[in-house]
Amino acid sequence: MPQGRAVNLAFYIVRRVLWMVPVLFFVILVTFSLMHFAPGSPWDQEGKQLPPNVIASLNQRYGLDRPLPEQFVRYVWSAIHLDFGLSYQYENRTVLSLILTGWPYTATLGVCAFLLIVPMGIGLGVAAALRQNTRTDYIVVGFSTLGASVPNFVVGILLIIFLSVDLNKWTSGAFWLPSGGFGLDQHLIMPVITLSVLPITYIARLTRASTLEVLRQDYVRTAWAKGLWERLVVVKHVLKNSLIPVVTALGPTFAFLVTGSVIVEKVFVIPGIGSTFVTAVSSRDYPMIVGISIIFALIVALANLVVDLLYVVIDPRVRLT
Amino acid sequence: MQLGKPLQPIRLVAVLGAALIGVLACGPGGGGTTTNLAKDQVLRYNIGVEPNSFDPGQQQYTYEAAVGRQAFEALLKPNKDLTDVEPATAEKYEVSSDGLTYTFHIRKNAKWSDGQPVKAQDFVYGWQRLIDPRLGAPYNDYYVFKGVEAASKLKATDPADKIDAALQALGLKATDDSTFVVTLSEPAPYFKWIATLWNGAPIRKDVVQKGGSLTDPKNTWATKPETLIGNGPFKVTEIASKDHVTLEASSNYWGGAPTLKKMVFYEISDANADFAKYKNGEVDMNNVPLANTDLVRNDPQLSKELRETPQLGVRWIQFNNTKPPFDNQDVRMAFAKAVDRDKLAKDVFKGRALPISTFIPKGQSGNNPTVGGDPQKFDAAAAKDLLKKAGVTSLNVTYLVRNDTANQQIAQFIQDQIQTNLPGVKITLEVIDSKTVTSRLRQKNFQMYHGGWIGDYPDPQNWFDLFKTGSGNQFSGYSNKQYDDLVKRADVEKDPAKRKDLYDQAHAIIVKEVAGAFMYQGKNFYLVKPYVQNDTITPIDEWPGCYFSKNITIGQH
């Protein structure tokens, strides 16, 4: 890489990172406002209510009796110092500790799914495109359409029924997958499959379409005409160009995966960050909501940055400015 | 008691299990026999949600009591048919003749899980914490004794010495290490039940101090098993956040270490996943989801493991009595009489509810299905007449419902019944999230709501308190001075017969004036594996057998 380009790249990265600061501020502002405008307070509940003096005590403890702008400034100030406050819902536990508790589960699941999605999605897509209008193509397209239309909770529950409950019955308990929970073992199989189905079909369709387009290009025809080996034509001339839109899609996909799927976490009883977030919203746990939003925003921003940097590697025509 | 959390109300309402006949009708496995014990004495159950706190004083939900009641023990506990209290950490108690002083004698051999003796001072401290504004204990309002009134005016931000002085002035005293004396400001015959609440457990000051400053919200004593020292038959040994809590038998428990060595409480929010786990043998007990009722009934194996028990809770239609059209008693009564409760219990609940048109559930003293002539009884013709009498020919109302499947099914049934039986009435369901519903109720921004109550303790006071003027636990805006007076007199009345009569009179008033249109009493469907032995289910269990957990044994299987 020429020196000038490396310097440009460094500047580019620094600038992008700096841009995240206003983005995060905006995320805090919007999340903070929306949740305070949402009806219902953290202390509203079904059944026995908290006595009025207890509600007053709690508001005083968490500063909720102060004016909103003051609460906002106080929050931003402590967030800058990486203090995201105490959860309202979980007594005596900090937001950061709760996020760090749930995060590893979600991240493990997301990374495993991603490692399955990339080869499967691209592989199926390329195979279908190279054998367009053959049985392979029809099977891939059929699977993609089916996978895209079946919601993942259905996939998850079907997997549980077959691989856990039925398999347990058929093998008289000799072999079956645990229906829920987490561990770095067979616990991962069903959730990873469930989480991957939709992105695999999406990536496969995307790869197939863009590969088909590239295959029709003149330079590919030229490559064939030159009598190059198939592998060389496909990898060097076709894939390199057809994967650009796929890489664009993989960034958000990765961000989506590691920020947690609420449904998959719920179905497979995985104590991840996705379910933590939903619980936080429904229980109006303000510090948890903002804390998790910040993390999500950060991940999406970083994933997009990585995608933009990858363009440079794949496509020399791309210039970062 | 708490009806549950927004995400899982069905399951939590159900977890609050009541088992009126469960005690008598212990199904298979519930017998009193102890046959060959299994090698692993482990009991596994799903409580659905991670406890928000492990400090019993800070707990309020059933899934919290599920753990708190095992790790800590209050002064007294209910007997198995809820007719009276029986000794727990206090071996006996006396009430002064004026009904104002309760003297509890702590067992000499009562010990904390680390072997130290449980002292009366630990109860004084535990109960002071319930009143301390800096801690905001949820059950604060149930602990009625001298000085509480003044302390409730304190702010969390008041100077520490001012708060401490108020706490010292409370009617709580340890006259010696084993005598805990509580002074009330007025007689309360139901106070013995307050002494059974799990959140009134003793707390050790030196243990709390290990987690940081005593009143700091960041104090961590109750978040780690090492510092979570309790006086219950079990002790918390593992807190795997959002996954499970493990408790192990405490060898220091005054009654001796339970035979059951270990309890694992899972935190699986999905009721169907939990049900699958039961079928796989990954948990030993299950609270059957409503949708699986018929499946369980028709399954030859599961139906044998079923423990069907009424719940000490009632649901009703709550009207906004402060605004038209429901400020008119005839309109409320027309609605109340327009719903066929028998059909509701049969069609929607598939027999998992008992129809009721009065306030107090079966199994709770004060239950009186014919009180005041049962005016709310289903009668479509009379309902029509009442509406005509009120001069209403057409009416559009919205019905506020919390967004869970069971609530919606029930509300749809009620909607259909009223629209069919009261021509001209149109009901629109407004299904929204739980917190929003409560805030709308508080603002009186509603017309009809699907409300209810589950008893915290089996004394009618816990129920009749609900419709007193200004009650914070229901939002109808109902107010009747005569009712308030009757309940107030009954609350302090020492003669049980007189007390019952006063409550009956009050009962007749709220039924007649339709403080709520009472609909049904829930039932629990527990599945218990046949090898779970010696479990005693009571009407107010948070999980089947929780009050008598130390007797449970696991048979070979």
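This is a predicted model: local features need pLDDT of at least 70, side-chain atom pairs count only at pLDDT 80 or more; totals for chains, interfaces and linings use all residues.
Local features need pLDDT of at least 70 and side-chain atom pairs count only at pLDDT 80 or more, while totals for chains, interfaces and linings use all residues. Residues are numbered from 1 along each chain as its sequence is written, chains are lettered from A in the order in which they are written, and side-chain values use heavy atoms, without hydrogens or water.

A search of the whole structure gives 39 aromatic pairs over all chains. Rings of Phe, Tyr and Trp (its six-membered ring) pair if their centres lie within 6.5 Å; planes under 30 degrees apart are stacked, over 60 edge-to-face, and the rest tilted. A:Phe32 and A:Phe72 form an edge-to-face pair, because their ring centres are 5.2 Å apart and their planes meet at 65°. A:Phe32 belongs to helix α1 (residues 3-37) of chain A and A:Phe72 to helix α3 (residues 68-80) of chain A, so the pair ties together parts 40 residues apart in sequence. Helices are DSSP runs (H or I, at least four residues), numbered from the N terminus. A:Phe32 counts as buried at 8% relative accessibility. A:Phe72 also counts as buried, at 13%. Buried means under 20% relative accessible area (1.4 Å probe, protein chains only).

In chain B, ring pairs link a cluster that includes B:Tyr93, B:Phe123, B:Trp127 and B:Phe191. Charges also sit over rings (NZ of Lys or CZ of Arg within 6 Å of the ring centre and within 35 degrees of the ring normal). The charged end of A:Arg93 sits over the ring of A:Tyr90, 5.5 Å from its centre. B:Arg107 lies over the face of B:Trp254, at 3.5 Å from the ring centre.

The second largest pocket holds about 1,100 Å³ of space. A pocket is an open set of points on a 1 Å grid over the protein atoms alone, where a 1.4 Å probe fits, with protein on both sides within 12 Å along at least five of seven lines; lining residues have an atom within 4 Å of a point. Its volume is the space filled by probe spheres set on the points, which are joined across faces, edges and corners. Among the 38 lining residues, B:Asp141, B:Val144, B:Glu149, B:Asp465 and B:Lys468 are the closest to the pocket centre. α16(B) gives the most to this lining, with three residues.

In helix α8 (residues 271-279) of chain B, the buried residues include B:Phe275 and B:Tyr278. B:Gly281, with a positive phi near 75°, follows α8(B).

Technical notes. Helices (H or I, at least four residues) and strands (E, at least two) are DSSP runs, numbered from the N terminus. Buried means under 20% relative accessible area, exposed over 50%, partly exposed in between (1.4 Å probe, protein chains only).
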